[in-house]
Amino acid sequence: MAPELVAAAQAETARVVELFEAQRRVHLTSRPPDEAVRRDRLDRLAAALGEHADTIVGAISADFGNRPLAGALAGEVLLQLEEIRTTKRSLRRWMAPFRPQPRYLRFAGIKAWVEPTPLGVVGVISPWNFPVALAIQPTIAAIAAGNTVMIKMSDLAPRAGAAVAEAVAQRFDAEELAVVCGGLEVATAFSALPFDHLFFTGSAAVAKHVQRAAADNLTPLTLELGGKNPTVVATDADLRTAARRIVAARLANSGQVCLSPDYVFVPNPSLAEFVDAAMDAGHRALPTVLDNPDYCTIVNDSHYERICALVQDAHDRGATVREVVPAGESLPSRQARRIPFTLISDVSAGMAVLDEEIFGPVLPVLGYDDVSEVIDFVNARPTPLAAYWFGPDSADFRHFTARTRSGGVTRNDFALHASLQGLPFGGVGSSGTGYYHGKYGFDTFSHMRAFAVSPKHFSPVSLLSPPFDHRLERGLGFVISAWSRRFTKRVNPRRPSQASPEVGP
């Protein structure tokens, strides 16, 4: 690395540490921000996004090469403004102390309540595929919970990072909200800071390094990762509708979405019809590719080469590769970093396209005869972030959801479970840990602090300290015996031989 670049990285790393120390001082020397302060911060964040929306989405498009402006405005800006609006509407209720329900506390004269309190300084590490949305969404929740926030923008989206940093700096003191940019050295230093909570969105490979760095400080983590999201077309699905929606989902952001359907299972008798319908849907969606302003380019050369290598590996191992190439165009194009919609059938074990997250406009298709085959295939692999089912609410659908794990499930559409207000969004197992959106995000960035007040005339804890009254022993024995008889009456005399039957809503 050139000396001037080394010096710049060192200066930015030192700035990151200074920003953290400044925010930590504010947290330790100030009262938790009240509702008015939190609302003001949310308003200023909305103003920063709204005032600079055109600049921000233009920067994102420049980072990608081409990113459709309508999609960027909706996904990166508008949805965040809506999240701020709904958060403000519920903020007072979320912040309010609440009391536990057990009646014995009231009868014993004990007062008890829980107050949601700020954690302190929250770190947010944003990915490159939605560099603004996935920086701002957790930040909204962290601010609502009363925290100060530091955001590390992705170095693969440097223009977007600079645009967000400038927009935020015009509305916030760095002691409230700060945005930092930079490469590996800055990211490493950022991950090693003793945050009160660290929120990371990205790949599982990078998450392991973040988790190791956070472990030295016992920093709690929320990890939003990805995974190979399975998609199942049911035997009784509307095949053409399913094909059209699955292809549309795979083409969103050219497949560079952690929630994209990564492979699709289709009943063997319908496999050929589905392939034809999917290819037709691809042609209708992309009458042109090379100069199509509605089609997102692959973010950089290395990702372009990786996706092409996955397709080539499948072809070399005997898969059938079909590409939607408009007349007169030569695709894929390395110069333009554009890959056509590609459908791969006749896939088999050992092909990299079945093992690696694709993150591109490529869709492997597999056949199945019974849903148990799909379940076994999914369960043999790391837990995905999403699972998709196309078809009615059937016994097969409930069997599939009962026997598999995923961060969330959407039926007959794409990513709906991650888009609706009031639902938690997060992974499980290999696809992440923790969740956010709405109240779930507020709770993630809050410490639920318990308060209790003992009555003047009696100390319940004194029952645990000597000297002990023999009457207390007899009384406790009587209560335990009574509860034991009550539970014994409810026990099924026949031990169940298998798990409970599968049920659904």
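Student: What kind of unit do β7, helix α10 and β8 make?
Tutor: In this predicted model, they form a right-handed β-α-β unit, with α10 covering residues 239-251.

Student: And how do β7 and β8 run, and how many bridges join them?
Tutor: They run parallel, with four bridges joining β7 (residues 229-233) to β8.

Student: Which other strand does β8 pair with in the parallel sense?
Tutor: That would be β11, residues 362-368, again over four bridges. There, valine 264 stands opposite valine 365 of β11.

Student: Why is β8 described as largely enclosed by the rest of the structure?
Tutor: Because seven of the seven residues in β8 (residues 261-267) are buried. Buried here means under 20% relative accessible area.

Student: OK, switching topic. What's the strand order in the open sheet of six strands?
Tutor: The order goes β4-β3-β2-β5-β6-β14, and the pairing is mixed. At the edges sit β4 (177-180) and β14 (432-433), each of which pairs on one side only.

Student: Zoom in on β5 and β6 for me. Parallel or antiparallel?
Tutor: Parallel, over four bridges, between residues 197-201 of β5 and residues 221-224 of β6.

Student: Which residue in β6 is the bridge partner of leucine 198?
Tutor: Another leucine: leucine 198 has leucine 221 as its bridge partner in β6.

Student: And what do strands of a sheet pair through, in general?
Tutor: Backbone hydrogen bonds, in either a parallel or an antiparallel arrangement.

Terms used. Residues numbered from 1 in each chain as written. Predicted model: local features only at pLDDT ≥ 70, side-chain atom pairs only at ≥ 80, totals over all residues. Heavy atoms only, no water. Pairing = 2+ DSSP bridges. Helix = DSSP H or I, 4+ residues; strand = E, 2+ residues; numbered from the N terminus. Buried < 20%, exposed > 50% of the residue type's maximum accessible area, 1.4 Å probe, protein only. Right-handed = clockwise from strand over helix to strand, strands pointing away.
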